[in-house]
Amino acid sequence: MQHQSVDWSSLPQPEDDGACAHLEGLRLPSLPLKATTGEMVDLAALKGTTVLYIYPMTARPDRPLPDGWEAIPGARGCTPQSCSFRDHFADLKAAGADHLFGLSTQASDYQLEAAERLHLPFALLSDENRSLATALELPTFEFDGKVLIKRVTLIIKDGQIRKSFYPVFPPDKNPADVIDWLAEQHT
């Protein structure tokens, strides 16, 4: 299953504003989040290495992108990023990822549509109330009356953030960067 190709050069690139510089070394708070599997997932309690890619929102193919979405640096690309993590799922596991999740502020039932449509072999987590985003002081932006989390990927080991990727651009290349970092840790 392929996703539609995006011309990343035509989109504004996000810049590193330092908003994630404080994350590495932080312990995650115990904040169970609803997963598209129906379960509650407490990232702080997971053993091993967890890859958590955080994205603003997924669009639906039956609806146009909101006006102005493509003008926001780094906003476009949630579906290509999710598809790329899906396509590299086995490689991520082989590189040492014990768990993989996507996370957005969208409600779990909305995320379920995307998880099923994209055939994701991992769950998406809902931080609908922004409890994790607030606790970790993740960078956000406002769009169309909603507060959304900027794109960032965290590698967590036994509840502690070991690495953050920010800004993430282009989003579909993010899994390769994560695999490279994981491989470096095992050499």
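Contact is taken here to mean heavy atoms within 4.5 Å. The structure is a predicted model, in which local features require pLDDT of at least 70 and side-chain atom pairs count only at pLDDT 80 or more, whereas totals for chains, interfaces and linings use all residues. Residues are numbered from 1 along each chain as its sequence is written, and side-chain values use heavy atoms, with hydrogens and water left out.

Residue K157 lies in strand 8; helices (H or I, at least four residues) and strands (E, at least two) are DSSP runs numbered from the N terminus. With neighbours within four places in sequence set aside, K157 is in contact with G48, T49 and R162. The C-alpha atoms of K157 and G25 are separated by 9.9 Å, the two residues being 132 residues apart along the chain. K157 counts as partly exposed, at 31% relative accessibility, where buried denotes under 20% relative accessible area, exposed over 50%, and partly exposed the range in between (1.4 Å probe, protein chains only).

A nonpolar core is defined as a set of buried Ala, Val, Leu, Ile, Met, Phe, Trp, Tyr and Cys residues joined through side-chain atoms within 4.5 Å. The largest such core has 24 residues, and L43, L52, L125 and L154 have the most contacts inside it. Two or more residues are given to this core by each of strand 1, strand 3, strand 4 (99-104), strand 5 (123-126), helix 4 (131-135) and strand 8. Of these, strand 8 gives the most, with three residues. Beyond four places in sequence, L154 is in contact with L23, T50, V51, L52, I54, L136, I161, K163 and S164. Another core, of 23 residues, lies apart from the largest one and has Y55, L100, L118 and L120 among its residues. In soluble globular proteins, nonpolar side chains tend to be buried together.

W69 and F143 form an edge-to-face pair, at 5.1 Å centre to centre and 65° between the planes. This pair links distant parts of the chain, 74 residues apart, with W69 in the loop between strand 3 (49-54) and helix 1 (78-87) and F143 in strand 6 (residues 140-143). W69 is buried, with a relative accessible area of 2%, and F143 is likewise buried, at 13%. Elsewhere, ring pairs link Y53, Y55, F85, F89 and F122 into a cluster.

Five salt bridges are counted, under the criterion of a side-chain nitrogen of Lys or Arg within 4 Å of a carboxyl oxygen of Asp or Glu. In the salt bridge between K150 and D17, the closest N and O atoms are 3.3 Å apart. K150 lies in the loop between strand 7 (146-149) and strand 8 (152-157), and D17 in the segment before strand 1 (33-35), 133 residues apart. K150 is partly exposed, at 25%, as is D17, at 45%. R86 and D87 form a further salt bridge, with closest N and O atoms 2.8 Å apart; R86 is buried, at 11%, whereas D87 is partly exposed, at 40%.

Notes. Phe/Tyr/Trp six-rings, centres within 6.5 Å; stacked < 30°, edge-to-face > 60°.
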